[in-house]
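Colleague: I am new to this structure and would like to go through it with you. Could you show it first?

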Amino acid sequence: MSTIFSFARLGALLMKEFIQMRRDRITFAMMLGVPLMQLVLFGYAINNDPKSLPAALVATSNDRFTRAMVSALQTTGYYRFDHVVGSAAEAELLIARGDVAFVVTIPADFDRRVERQDHPQILIEADATDPAVASGAISTLGTVAAQALLREQGMEAVTAQDTANALEVVVHRRYNPEAISQYNIVPGLLGVILQMTMVMMTSMALTRETERGTMENLLAMPASPVEIMLGKILPYLVVGAVQVGVVLVASKLLFGVPFIGSLPLLLTTVLIFVLSLVLLGYTISTFARTQMQAMQLTFFFFLPSIMLSGFMFPYRGMPDWAQTLGEVFPLTHFLRIIRGVMLKGADFAAVAPQVWALLIFIALFAAMALARFRRTLD
């Protein structure tokens, strides 16, 4: 028998590895699932030029010129008027909650000023917390709206000056007028960092006990599943608190990110978010039997969460099915909260729907973790 190389020994080793791969279903699923997920998400869900953005219309009249303005904005493909409100206060609440990306205000005397050619104006307020969302929609609206107004009057613009004189579009970039990308990215990084560390560390909470052989001692203790779960996750809340402090201080000192809202409100919502993450990690640990499987399941959760939450790519640029899928991730709701509180000064009423979503995640993850907890090693 050759001591250097043997095809028989190599074949036996290959057979052994294939058998192990077949038995490790989580690893095998990751090998097939991750490439397919990346292909679908990058191919279908990601769009850096979002269209059909929700908008609110503030208009007290329904004259033909107002209708022409609305039709022209919708024709661009960027605006979708889901809300027609009668006051600026209603529109302010919609844009503060993130329900709309634009608020278009057409004054009551708009038709009279058009008829008299008295420098008619419309106001468009854009949610610029994500500069990529607002830039495309704003760049084309002035010319399109003016040309539509001239056509409604039975005139055609001969020169660019004619178009400019026909209508003045006043644009207010709300919350981030200078379109600084760090204002959007840095607050979101807090959610990404917390998710990456909290879920990964707690997902190994039970599997580490199994691999070290200390799980039997843990199960032999006179402790209920709730007490074991709390004992595993509460220390990581302290770790999360330290991370929150570091990121918030760094965002202010290094990047100059404004903080307009309430600090107690932000810290309370961060605590709720961290609790949902550690419960998710603990739930993952009840499915995994090794630390490697726990890390694989965690990574399988990270990828769609980061890509579909609105952190890397505009949330509203994704198709409807991708936006619906993005709603099942806690990070999606936390990004709306932290950007709303830090950049918009949102109060509890504005972020309440997102807070309730995180509380629902907490209840679901806790129930699943307790249901999956095994009192034996079988």
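Predicted model: local features only at pLDDT ≥ 70, side-chain atom pairs only at ≥ 80, totals over all residues.

Colleague: Where does Gln 121 lie, and which residues is it in contact with?

Modeller: Gln 121 lies in strand 4, residues 121-127. Helices (H or I, at least four residues) and strands (E, at least two) are DSSP runs, numbered from the N terminus. Leaving aside neighbours within four places in sequence, Gln 121 is in contact with Pro 107, Phe 110, Leu 167, Glu 168 and Val 170; contact means heavy atoms within 4.5 Å. The C-alpha atoms of Gln 121 and Leu 167 are separated by 5.9 Å, although these residues are 46 apart along the chain.

Colleague: How many helices and strands does the protein have?

Modeller: The protein has 16 helices and five strands. Of its 378 residues, 47% count as buried.

Colleague: Which residues have the most contacts inside the largest nonpolar core?

Modeller: They are Leu 190, Leu 194 and Val 270, in a core of 66 residues. A nonpolar core is a set of buried Ala, Val, Leu, Ile, Met, Phe, Trp, Tyr and Cys residues joined through side-chain atoms within 4.5 Å. Several elements each supply at least two residues of this core, among them strand 1 (53-59), helix 8 (181-203) and helix 12 (263-287). Helix 12 gives the most to this core, with 12 residues.

Colleague: What does Leu 190 touch?

Modeller: Not counting residues up to four places away in sequence, Leu 190 touches Gln 243, Val 244, Val 247, Leu 248, Val 270, Phe 334 and Ile 338. In soluble globular proteins, nonpolar side chains tend to be buried together.

Colleague: Let us change topic. How many aromatic pairs are there?

Modeller: The count comes to four aromatic pairs. Rings of Phe, Tyr and Trp (its six-membered ring) pair if their centres lie within 6.5 Å; planes under 30 degrees apart count as stacked, over 60 as edge-to-face and the rest as tilted. The rings of Tyr 79 and Phe 102 form a tilted pair, because their centres are 4.8 Å apart and their planes at 55°. Tyr 79 lies in strand 2 (residues 79-85) and Phe 102 in strand 3 (residues 102-106), so this pair ties together parts that are 23 residues apart in sequence. Both Tyr 79 and Phe 102 are buried.

Colleague: And why is the pair of Phe 301 and Phe 329 edge-to-face?

Modeller: The planes of those two rings are at 65°, with the centres 5.5 Å apart, so the pair of Phe 301 and Phe 329 is edge-to-face. Phe 301 is in helix 13, and Phe 329 is in the loop between helix 14 (320-326) and helix 15. Phe 301 counts as buried at 14% relative accessibility, and Phe 329 is buried with a relative accessible area of 7%.

Colleague: What about Ser 305: where does it lie?

Modeller: Ser 305 also lies in helix 13. Ser 305 counts as buried, at 0% relative accessibility. Leaving aside neighbours within four places in sequence, Ser 305 is in contact with Gln 195, Phe 329 and Leu 331.

Colleague: On to charges, then. How many salt bridges does a search of the whole structure find?

Modeller: The search finds six salt bridges, each being a side-chain nitrogen of Lys or Arg within 4 Å of a carboxyl oxygen of Asp or Glu. One of them joins Lys 344 and Asp 127, with the closest N and O atoms 2.8 Å apart. Lys 344 lies in helix 15 and Asp 127 in strand 4, so the pair ties together parts that are 217 residues apart in sequence. Lys 344 and Asp 127 are both buried.

Colleague: Which residues do salt bridges with shared partners join into one network?

Modeller: That network consists of Glu 92, Glu 125 and Arg 174.

How values were computed. Residues numbered from 1 in each chain as written. Heavy atoms only, no water. Buried < 20%, exposed > 50% of the residue type's maximum accessible area, 1.4 Å probe, protein only.
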